[in-house]
Amino acid sequence: MQEIDEKHRRFFKPLLLVLVFALVFLIGWLRFLTGPEYAFSFLYLLPIITVTWLVGIHWGILTSVVSTFSWLLADLSMIDRFSISFIPLVNESFRLMVFLFVVLMIARQKNILETQKELAMMDPLTGVANRRAFLLLAKPEIDRSRRYQDPFSVMVIDIDNFKQINDHFGHHTGDRLLTMVVETIRHHLRAIDIVARFGGDEFVVLLVKSDEKSAALVARKLQKQLLGIMQKNQWGVTFSIGVATYHSAPDSVDETIKAADELMYHVKHNGKNNIRQAVLKA
């Protein structure tokens with residue numbers, strides 16, 4: 001189903017543009033048929049707004065120019081019906097400015113909505129995905145793993161004794177610690193992997209196409225690097241890590257997170273500062 005959707009999206013843009021420009025010239029033809037007494041130029045706003053919102057500002061500008069040219073051609077074909085010959089040029093110049101203003105407003109509104117959507121999916125402190133975003137991003141990756149029978153691993157990292165940092169050094173230091181943890185995690189991940197902050201001091205990582213051996217290697221490297229940074233800054237925290245590896249994907253993303261979370265809590269309840277891993281069946 002995902003492959004079908006991607007194929008449809010690939011053909012959507014050219015099909016939309018063909019329909020838009022066909023509508024633009026149809027409106028111009030309507031202008032020619034009805035004569036100068038009727039003004040249907042507001043109809044151009046439909047293709048202009050549609051293409052700006054769905055395709056982008058540059059295509060919106062082009063559609064505005066083509067729309068203006070379409071209307072101008074119709075007017076020039078009946079130039080003898082205007083009292084002054086340059087009236088169509090003046091009219092279309094102002095019309096183009098209106099169209100371009102609409103394009104800019106639509107593009108600005110879309111940009112605002114996309115920015116708000118992005119902020120809603122992002123942890124404001126560390127800049128990584130939040131829980132909601134992780135669930136949305138991880139689902140297609142796990143579905144792909146199921147389809148191609150690729151292994152994947154989910155890792156939950158919890159900072160031991162993090163509350164003491166806030167109590168002893170203040171929240172500013174705690175925020176700095178969290179930021180450094182995220183930077184270290186991201187540095188050791190591939191571009192296809194996904195990292196998210198789930199709670200105050202808990203992070204979740206999806207290791208795409210990673211079996212138990214590669215996941216264990218990543219977990220050990222991460223813990224070593226993180227402990228080194230904590231010791232260098234004299235921050236008395238450690239890291240409990242749970243890693244769940246699947247060779248066949250379960251039904252839900254939540255199930256994979258829950259399994260890794262339980263492994264992490266097993267570490268927390270048995271001395272902390274360790275890694276526990278399991279290969280699980282769906």
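Helices α5 and α9 are roughly perpendicular to each other in this predicted model (the class for angles of 65 to 115 degrees; under 35 is roughly parallel, over 145 roughly antiparallel, the rest oblique). Helix α5 spans residues 131-148 and α9 residues 253-268; they pack at about 110 degrees, axes 9 Å apart. Axes are lines fitted to C-alpha atoms over the stretch in contact, and angles run from 0 to 180 degrees between N-to-C directions. Helices (H or I, at least four residues) and strands (E, at least two) are DSSP runs, numbered from the N terminus.

From α5, the contact (heavy atoms within 4.5 Å) draws on R131, F134, L135, A138, K139 and I142; from α9, on V253, D254, T256 and I257.

Helix α9 also links two strands. The chain goes from β4 through α9 to β5, a left-handed β-α-β crossover (right-handed would mean a clockwise path from the first strand over the helix to the second, with the strands pointing away from the viewer). Strands β4 (residues 238-246) and β5 (residues 275-280) run parallel, joined by 6 bridges. Pairing takes at least two DSSP bridges. G242 has R276 in β5 as its bridge partner.

Now the aromatic rings. The model has 5 aromatic pairs (Phe, Tyr or six-membered Trp rings with centres within 6.5 Å; planes under 30 degrees apart are stacked, over 60 edge-to-face, the rest tilted). F21 and W59 form a tilted pair, 6.5 Å centre to centre and 55 degrees between planes. F21 sits in α1 (residues 2-34) and W59 in α3 (residues 57-76), so the pair ties together parts 38 residues apart in sequence.

Residues are numbered from 1 along each chain as its sequence is written, and side-chain values use heavy atoms, without hydrogens and water. Local features need pLDDT of at least 70 and side-chain atom pairs 80 or more, while totals for chains, interfaces and linings use all residues.
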